[in-house]
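Please keep the sequence and the three-dimensional view at hand while reading.

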Amino acid sequence: MPHNITIRNTEFSRISEVDFNHVVFGKVFSDHMFLADWNGKEWTAARIEPYANLSLSPATSAIHYGQTIFEGMKAFRNGDDVLLFRPRDNWRRLNISAERMVMPEVPESLFMEGLKTLLSLDKSWVPSSEGSALYIRPFMFATDDFIGVRPSEKYCFCIFTCPVGPYYSKPLRIKVEEKYSRAAQGGVGFTKCAGNYGAAMYPTKLAQAEGYDQVLWTDPSTHTLVEETGTTNFFSVTSNSVITPNLHETMLAGITRDSVIQILKKENIEVEERPLSVSELKSLHSAGSLKELFITGTAATLINIEGFAHQGLYFDVIQTGNTNISDMLRSRLNGIRHGNLADSFGWIDKL
Ligand code: COI
């Protein structure tokens with residue numbers, strides 16, 4: 001169903017100020033943004049406006065009680081074409097988060113029409129240099145100006161975009177977290193709600209003060225099973241297979257994670273989605289069977305882990321073997337996303 005999106009063009013494009021070869025992740029924003037308002041019954045006022053500050057009441061419900069969810073997705077340039085990577089999977093996941101956070105569902109037509117209209121307008125912001133992309137941030141937040149604790153009646157759905165380079169520029173050193181938890185059973189770990197990220201900042205800051213880049217979260221009950229890092233899912237390559245923690249309610253179902261699993265299966269490489277303990281990782285390491293560790297996410301793409309720390313000991317992992325599954329995956333993934341390899345999975349949605 002068409003949403004009659006009204007468009008107000010910017011009078012002053014900022015694109016000539018951008019050095020596309022040196023964009024820092026998340027600091028440069030394209031000219032326009034898409035907005036729609038939930039009035040308690042339906043989505044209204046679908047519109048595109050120049051990217052600008054939002055005006056909010058200090059009592060805006062989202063600021064106080066955290067009904068805020070978001071997605072991260074990317075578009076890539078191939079000549080004059082703009083290629084969106086698995087946008088409907090982000091739309092589905094947004095609505096999984098929305099249901100858990102008692103927020104309204106965003107219809108596929110609103111999500112896709114808003115997204116494609118925005119990208120058509122800001123097409124020239126999609127960078128072409130290697131390793132770059134247009135990062136797309138759809139998000140929804142509660143807009144009632146009311147400080148009683150209950151689900152908001154009104155919401156804003158917004159999409160803005162940023163040309164980006166790499167999120168991480170080098171392999172990471174990570175610390176296995178045993179004290180703090182990212183998520184709890186029965187909680188919201190499987191959603192992409194803002195609070196999951198805010199709550200992770202303190203343990204991450206402590207790990208960074210010890211010289212690590214990120215924490216590797218473990219299960220909240222025993223802290224013995226690895227789950228994901230602060231911004232990504234986690235994979236280990238052993239002599240026999242690729243192992244990644246199975247999804248459950250304390251973990252985010254990454255779309256890059258799923259893409260990697262599908263590529264591995266297509267390549268007839270055994271992939272195991274199952275519980276993975278820290279002690280198994282350490283045993284594999286001491287047996288010389290831990291060949292590679294890597295992490296996956298939309299922002300991070302696919303980055304190797306240089307080593308992990310557990311209980312004060314550091315386990316160096318990179319280059320311990322001669323398999324190179326992470327390089328193969330990175331080049332398949334990038335090839336498909338940039339339109340240089342055939343998309344046999346049906347992941348690309350051309351603008
Ligand atoms: C993403 O990978 O898109 C994320 O949302 C992770 C992080 C940048 C918050």
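Which residue follows α2, and is its phi positive or negative? In this predicted model, α2 is followed by Val102, and the phi of Val102 is positive, near 55 degrees.

## Helix α2

Helix α2 covers residues 87–100, and its 14 residues should span 20 Å at 1.5 Å a residue, which agrees with the 21 Å that separates its end C-alpha atoms. Several residues of α2 count as buried, including Trp91, Leu94 and Ala98, and the buried set also includes Asn90, Arg93 and Asn95.

## Overall fold

The chain contains seven helices and 18 strands. Its radius of gyration is 21 Å, close to the 20 Å that the globule rule gives for 351 residues, so the chain is as compact as a globular protein of that length. The C-alpha trace spans about 60 × 50 × 35 Å along its principal axes.

Of the 351 residues in the chain, 50% count as buried. Among contacts with a separation of 6 or more, 70% are accounted for by residues 24 or more positions apart.

## Surface

The accessible surface of the chain comes to about 15,700 Å², and carbon and sulfur atoms hold 51% of that area. A nonpolar patch on the surface is formed by Leu54, Leu56 and Ile63, which together have about 270 Å² of accessible area.

Ile63 counts as exposed because its relative accessibility is 56%, where the cut-off for exposed is over 50%.

Technical notes: Residues numbered from 1 in each chain as written. Predicted model: local features only at pLDDT ≥ 70, side-chain atom pairs only at ≥ 80, totals over all residues. Heavy atoms only, no water. Patch = residues over 30% accessible without salt bridge, like charges linked within 9 Å, V, L, I, M, F, W, Y side chains within 5 Å. Areas by Shrake-Rupley, 256 points an atom, 1.4 Å probe, with all protein chains shown as cover. Salt bridge = Lys/Arg side-chain N within 4 Å of Asp/Glu carboxyl O. Buried < 20%, exposed > 50% of the residue type's maximum accessible area, 1.4 Å probe, protein only. Helix = DSSP H or I, 4+ residues; strand = E, 2+ residues; numbered from the N terminus. Rg over C-alpha atoms; globule rule 2.2 N^0.38 Å. Contact = heavy atoms within 4.5 Å. Expected span 1.5 Å × (residues − 1).
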